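Biologist: This one is new to me. Please walk me through it, starting wherever you like.

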Amino acid sequence: MNVDIHQSWKEHLQPEFEKPYFKLLTSFVKQDYSEHTCYPPGKQIFAAFDHCPFDKLKVVIIGQDPYHGVGQANGLCFSVNDDIPHPPSLTNIFKEVENDLGIPYPNTGNLEKWADQGVMLLNATLTVRANNAGSHQGKGWEIFTDAIIQTISDKKENIVFLLWGGFAKKKSTLINESKHFVLTSGHPSPLSANRGLWFGNKHFSKTNSLLEQVGLEPLEW
């Protein structure tokens, strides 16, 4: 695994790359990619950083694992490649955007448009073996991505963190809420959404309102 990460992030994360856990993680990922089909493609493992440079960062959305089906994962949490059917959670995200802002449901599930505007679409685990959910958890990715959240909290201000579901909410301990905004709700998965824990959270209009409060351009969701 080549750590081909956007230069703006490299200067902040370089200490992590030197740590023993990251070297073990790199070895594991290289080996698993060489022996099995894994996602996302190697060049897209760090896509969330490439599309959202550190200095452009406005919003952080935290997911758990990349999609593990053929052609789905593109390195951005909840996002799928063009022409791929929308997974249930993504469908519910788009429905909430539609309900909240009146934006028509989109054709593509590719969220690069969000990332390019400063939305960090960060999975806690950045790789996965095909058809084997959670297969790369506990190998070191979580240490790395927790360090990223901590770095953002320490070195930035007025970032909007969107924490959806129990897993993401646990990351609030890494965020200094006195200088950042944290919005929480249930997960957009059908299990949570159908219990009334997702729809109506209005996180997309609330995020834009918070960005405008601190003099930043709202997002085109």
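Modeller: Start with Phe 78, which sits in the loop between strand S2 (59-63) and H4. Helices (H or I, at least four residues) and strands (E, at least two) are DSSP runs, numbered from the N terminus. This is a predicted model, in which local features need pLDDT of at least 70 and side-chain atom pairs count only at pLDDT 80 or more, while totals for chains, interfaces and linings use all residues. Residues are numbered from 1 along each chain as its sequence is written, and side-chain values use heavy atoms, with hydrogens and water left out.

Biologist: Is Phe 78 buried or exposed?

Modeller: Phe 78 counts as buried because its relative accessible area is 10%. Buried means under 20% relative accessible area, exposed over 50%, and partly exposed in between (1.4 Å probe, protein chains only). Phe 78 also has a positive phi of about 70°, although it is not a glycine.

Biologist: Which other residue has a phi near 70°?

Modeller: Asp 83, again a positive value in a residue other than glycine. Asp 83 too is in the loop between S2 and H4, but it is exposed, with a relative accessible area of 79%. Most residues other than glycine have a negative phi, and most peptide bonds are trans.

Biologist: And the bond from Tyr 39 to Pro 40, cis or trans?

Modeller: Cis, with omega near -10°. Pro 40 belongs to the loop between strand S1 (38-39) and helix H3 (47-51).

Biologist: What is Ile 61 in contact with?

Modeller: Setting aside neighbours within four places in sequence, the partners of Ile 61 include Phe 78, Trp 114, Met 120, Leu 162 and Trp 164. Contact means heavy atoms within 4.5 Å.

Biologist: Now helices. How do the axes of H1 and H6 cross?

Modeller: The axes of H1 (residues 7-17) and H6 (residues 141-155) come within 11 Å and cross at roughly 135°. That makes H1 oblique to H6, since angles under 35 degrees count as roughly parallel, over 145 as roughly antiparallel, 65 to 115 as roughly perpendicular and the rest as oblique. Axes are lines fitted to C-alpha atoms, for helices over the stretch in contact, and angles run from 0 to 180 degrees between N-to-C directions.

Biologist: Which residues of H1 and H6 make the contact?

Modeller: Among them are Trp 9, His 12 and Leu 13 of H1, and Phe 144, Ala 147 and Ile 148 of H6.

Biologist: What about Thr 145, buried or exposed?

Modeller: Thr 145 lies in H6 and counts as buried, at 1% relative accessibility. Leaving aside neighbours within four places in sequence, Thr 145 is in contact with Leu 122, Asn 123, Ala 124 and Leu 126.

Biologist: Where is Gly 140?

Modeller: Gly 140 is in the loop between strand S4 (128-129) and H6. It is buried, with a relative accessible area of 8%. Not counting residues up to four places away in sequence, Gly 140 touches Tyr 21 and Leu 25. Its C-alpha atom is separated by 9.3 Å from that of Lys 23, 117 residues apart along the chain.
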